[in-house]
Amino acid sequence: MLSRFIREFIRDRRGNIAILSTVMITSLVGVSGLVAEFGNGLLNRMQDQRIADAAAMGGGAVYNSTASSSAMSAAVTNIAALNGVASSNISASVVNSPSGDGNQAVQVTVQSSVPLVLSRTLFARNTLPISVSSYAELESGAPGCIMALNQTGSGVTLSGGTAITAAQCSVTSNNTVSVPCGTYITTKQVEYYSTSAPSEPCSGIQAPTGGTLSISRGLSTDPFASLTAVTGATSRLSTVAALTAPSAPSVTGGTAVTFGYTTSTTQSQLSADGCTGTFSSNIWTVTCVGSNSYKFGTIQLSGGITVNFNLNGSALNTYAVNGQVCDNGTALHFGNGTFNISGGVASGGGSNTTFGYGTYNIGPITSANNPCGATTGYSIYNTGSVMTFGSSTNASTFNLAAGIDDTGGETLVLGASCTSGSNPCTSTSSSNTFTSATGNTFNIGPATNGDALDMGGGANIYLGDSTGNNFEMVGNLNVSSGG
């Protein structure tokens, strides 16, 4: 009887669907839970990776600037906290870069977990662990703040007890690095490109406090070469190199005039040039009438003499001087006009020389005709107190074939006026006021020594505004200490 019951039970198919449905539903629930929770895990992994990347970059930047592991770790922890990650779930360390290039890197690891609910029907665990890492490679060289880019120059060479402190950047040289005894470089990175390592017989190259020092060989490139301002300037180098100096004016004829104390002699010389002169209290007043064009030989003043030369002259007047204008006196005052002076303009100690506005074509001072004893080769040589060309209201044009020498302690004004109170400047006073005309033109060539502009100690040069017109200087700018 019992065996019959068992056989019938085995052959009975009723309820099979219910049993299979129970098994399948359980499996489907587990698989669906696995898919959903695995997707949630991927989302959390992406978020963790983003945080790890940001922390690695921040930690790398801090380590690059401080060379401090503790500062780097603090930065990483702060970035984690800002993104809702507990400090216990993030770690950072300095390791060898996985790129294999020999550099170090900051490695940041973020660990988290995702709760499991539905998929627990298939797995005997409550959470899904997630761990991600990110690397920020530390370049071998910190940003260079002292760079010697010339491969044929002297590189970085210290002397005389010099000390360079560059704790936040590197010192790079495309040639040698020389640190003799008694000199020091404090930096985290020194890069050289000479065949021999840096010379530091007394270990003068050292790391900043808490940092590490790296010395390596490599070629540095100009970090500013691609900047728009630099490329714009360098694109003009060929144009600047092609600039030529203005030509010296060619003047022939004229009678030399010496303004001294022998009245008849001076008046005779002026008469030969078509002018007249009166003399009173060491002051010569010169009047030229009839023509708008006047020609002279060398013009020179004796000591103590003042000359007022056509003070009210029109800007249409032309003054041609075959030789030098030499102010060795107290003062020389010209009006406005066009000045063609073949032998330069020079002044002696304490003199005050002024010209109005106009056009100045001035050649070089030569030894053949140099009553002022000026240094030869310049168009303007100023050893007086103040020398002024121009006005505050009308622009002037300066074509100086052979440059300017403003020696120690003097003031030279081009394209502007100089006043002291309500009077023209007579000395280099701190109360002097300079007022510029607008639109002056400057074309300055080199002296025989190659300098277009020389300034001695304590000298002052004021150049008026040249908006809308040229400022061209062919030659060197040489400013002595204090100039």
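Modeller: Let's start at C202, which is partly exposed, with a relative accessible area of 43%. Partly exposed sits between buried, under 20% relative accessible area, and exposed, over 50% (1.4 Å probe, protein chains only). Bear in mind that this is a predicted model: local features need pLDDT of at least 70, side-chain atom pairs count only at pLDDT 80 or more, and totals for chains, interfaces and linings use all residues. Residues are numbered from 1 along each chain as its sequence is written, and side-chain values use heavy atoms, with hydrogens and water left out.

Biologist: Which cysteine is C202 joined to by a disulfide?

Modeller: C181, with an S to S distance of 1.7 Å. We call it a disulfide when a pair of cysteine sulfur atoms is within 2.5 Å. The link of C181 and C202 is right-handed, with 75 degrees about the S-S bond.

Biologist: How many disulfides does the structure hold?

Modeller: Five. Counting bonded cysteines along the chain, they follow the pattern 1-2, 3-4, 5-6, 7-8, 9-10.

Biologist: What about C326, where's its partner?

Modeller: C326 is in strand β16 (residues 318–327), and its partner C372 is in the loop between β21 (358–362) and β22 (380–382), 46 residues apart. Their sulfurs are 2.0 Å from each other.

Biologist: Are those two buried or exposed?

Modeller: C326 is buried, at 1% relative accessibility. C372 is buried too, with a relative accessible area of 15%.

Biologist: Which hand does the disulfide of C326 and C372 have?

Modeller: The torsion about the S-S bond is about 95 degrees, so the disulfide of C326 and C372 is right-handed. For C418 and C425, the torsion is about -90 degrees, so that disulfide is left-handed. The S to S distance for C418 and C425 is 1.8 Å, and both cysteines are buried.

Biologist: Switching to backbone: what's the phi of S203?

Modeller: S203 has a positive phi of about 55 degrees, although it is not a glycine. S203 is found in the loop between β8 and β9, and it is exposed, with a relative accessible area of 52%. S281 also has a positive phi of about 55 degrees without being a glycine. That serine is in the loop between β12 (275–280) and β13 (283–288), and counts as exposed at 64% relative accessibility.

Biologist: OK, now the inside. How many residues are in the largest nonpolar core?

Modeller: The largest one has 40 residues, and those with the most contacts inside it include F259, F296 and I380. A nonpolar core here is a set of buried Ala, Val, Leu, Ile, Met, Phe, Trp, Tyr and Cys residues joined through side-chain atoms within 4.5 Å. Strand β14 (residues 293–301) gives the largest share of this core, four residues. Apart from it lies another core, of 19 residues, among them A52, I79, V106 and V108.

Biologist: What does F259 touch?

Modeller: Not counting residues up to four places away in sequence, its contacts (heavy atoms within 4.5 Å) include W284, V286, I299, V307 and F309.

Terms used: Helices (H or I, at least four residues) and strands (E, at least two) are DSSP runs, numbered from the N terminus.
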